[in-house]
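Thanks for coming. Please have a look at it first.

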Amino acid sequence: MMSNQFNTFINVQDIGPLEQAMAEAFEIKNDRYKYQHLGKNKTLMMIFFNNSLRTRLSTQKAAMNLGMNVIVLDVNAGAWKLETERGVIMDGDKSEHLLEAIPVMGCYCDIIGVRSFAGLTDREYDYAETVLHQFIKYSGRPVFAMETATVHPLQAFADLITIEEYKKVSRPKVVLTWAPHCRALPQAVPNSFAQWMNAAPDIDLVITHPKGYELDPQFVGDAVVEYDQRKAFEGADFIYAKNWSNPGVTNPDDYGKITSRDMSWTVDTEHMSWTNNAKFMHCLPVRRNLIVTDDVIESPNSIVIPEAANREISCSVVLKRMLESL
């Protein structure tokens with residue numbers, strides 16, 4: 001039995017008081033192996049339905065820092081193809097149902113991390129977090145999101161840590177800006193970024209994007225939405241660039257589609273000149289000269305690498321708390 005309720009990590013509310021979580025993050029950053037005893041003889045299983053670089057490496061490193069064993073399962077590379085829908089006749093290429101696979105996975109580990117992107121064809125299915133909630137319901141283990149159909153909380157937590165480290169004013173203006181992309185991408189990163197920035201007590205968040213790209217209100221919260229990108233950038237201390245496909249809020253038929261390819265939204269030196277000498281942020285990987293120009297991402301004000309490094313720290317806090325609750 002777990003001694004507290006920290007058995008899932010999906011949204012900012014799951015982390016509890018942010019000030020405490022941030023203090024814990026900097027404590028761990030100062031001594032990454034302080035809690036190594038917690039993970040002795042404990043196993044983390046990382047389950048990937050989609051590709052990963054930072055999430056895979058940072059989560060495994062965090063688990064190792066805490067003394068854990070780690071099992072990595074790439075569902076689409078070496079495992080049986082998994083069926084996720086109930087009530088289907090399994091006479092196709094999927095040999096095993098997730099409802100059997102999940103409890104089996106739970107037999108071999110103590111904590112489970114799940115990475116499963118949005119399909120971008122069925123908004124209701126994606127925003128119900130169908131796959132993730134099956135793991136929560138059937139695994140019998142604590143479960144945390146390593147990016148799901150709608151959220152990427154480990155990234156947003158790392159983003160907040162990074163802003164705290166680099167801010168020059170007590171209450172910075174942080175701008176989340178849409179930028180063009182050649183592929184339809186999920187809304188998980190911008191959703192979580194908006195959610196976490198709104199939860200922080202000392203950040204003014206502005207979201208800017210073309211009309212029709214409105215994020216789900218549950219994530220936008222009290223943020224200012226500004227359709228004029230230049231006006232949004234004025235006085236900004238941090239610029240967070242990210243593409244997302246149409247969220248289908250204003251027109252459900254547009255969900256998951258690319259309804260704008262406006263290259264004037266690409267963040268370049270002129271865009272950054274509108275700001276208060278802002279730091280540039282992006283979760284990576286980034287398509288250069290679509291999302292951001294070479295000169296901006298390579299400038300001294302680009303903090304994308306330290307931002308990525310903080311993924312190890314955000315995950316360490318989450319895993320530490322889950323281990324403490326076993």
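Which residue forms a salt bridge with E147, and how far apart are the closest N and O atoms? The partner is R115, and the closest N and O atoms are 3.6 Å apart. A salt bridge here is a side-chain nitrogen of Lys or Arg within 4 Å of a carboxyl oxygen of Asp or Glu. The two residues come from distant parts of the chain, 32 residues apart: E147 is in the loop between β7 (143–145) and α6 (153–166), and R115 is in strand β6 (residues 111–115). Helices (H or I, at least four residues) and strands (E, at least two) are DSSP runs, numbered from the N terminus. E147 and R115 are both buried, where buried is under 20% relative accessible area, exposed is over 50% and partly exposed is in between, with a 1.4 Å probe and protein chains only.

Two remarks on where this comes from. This is a predicted model, in which local features need pLDDT of at least 70 and side-chain atom pairs count only at pLDDT 80 or more, while totals for chains, interfaces and linings use all residues. Residues are numbered from 1 along each chain as its sequence is written, and side-chain values use heavy atoms, with hydrogens and water left out.

Back to the charges. By the rule I gave, there are 16 salt bridges. Another one is between R171 and D204, at 2.9 Å from N to O. R171 sits in the loop between α6 and β8, and D204 in strand β9 (residues 204–208), so this pair ties together parts 33 residues apart in sequence. R171 is partly exposed, at 41% relative accessible area, and D204 is partly exposed too, at 35%.

E324 is partly exposed at 35% relative accessibility, whereas K320 is buried at 5%. Through shared partners, salt bridges join E24, K320, R321 and E324 into one network.

Now the sheets. Strands pair if DSSP finds at least two bridges between them.

Elsewhere, β2 (residues 43–48) and β3 (residues 69–74) run parallel and are joined by six bridges. M45 has I71 in β3 as its bridge partner.

What about the nonpolar residues? A nonpolar core is a set of buried Ala, Val, Leu, Ile, Met, Phe, Trp, Tyr and Cys residues joined through side-chain atoms within 4.5 Å. The largest core has 57 residues, of which I15, F144 and W196 touch the most other members. Helix α12 (residues 304–324) gives the largest share, seven residues. A second, separate core has 24 residues, including L82, C109, V131 and L132.

To finish with F144: beyond its neighbours within four places in sequence, its contacts (heavy atoms within 4.5 Å) include F9, L44, I112, C315 and M322.
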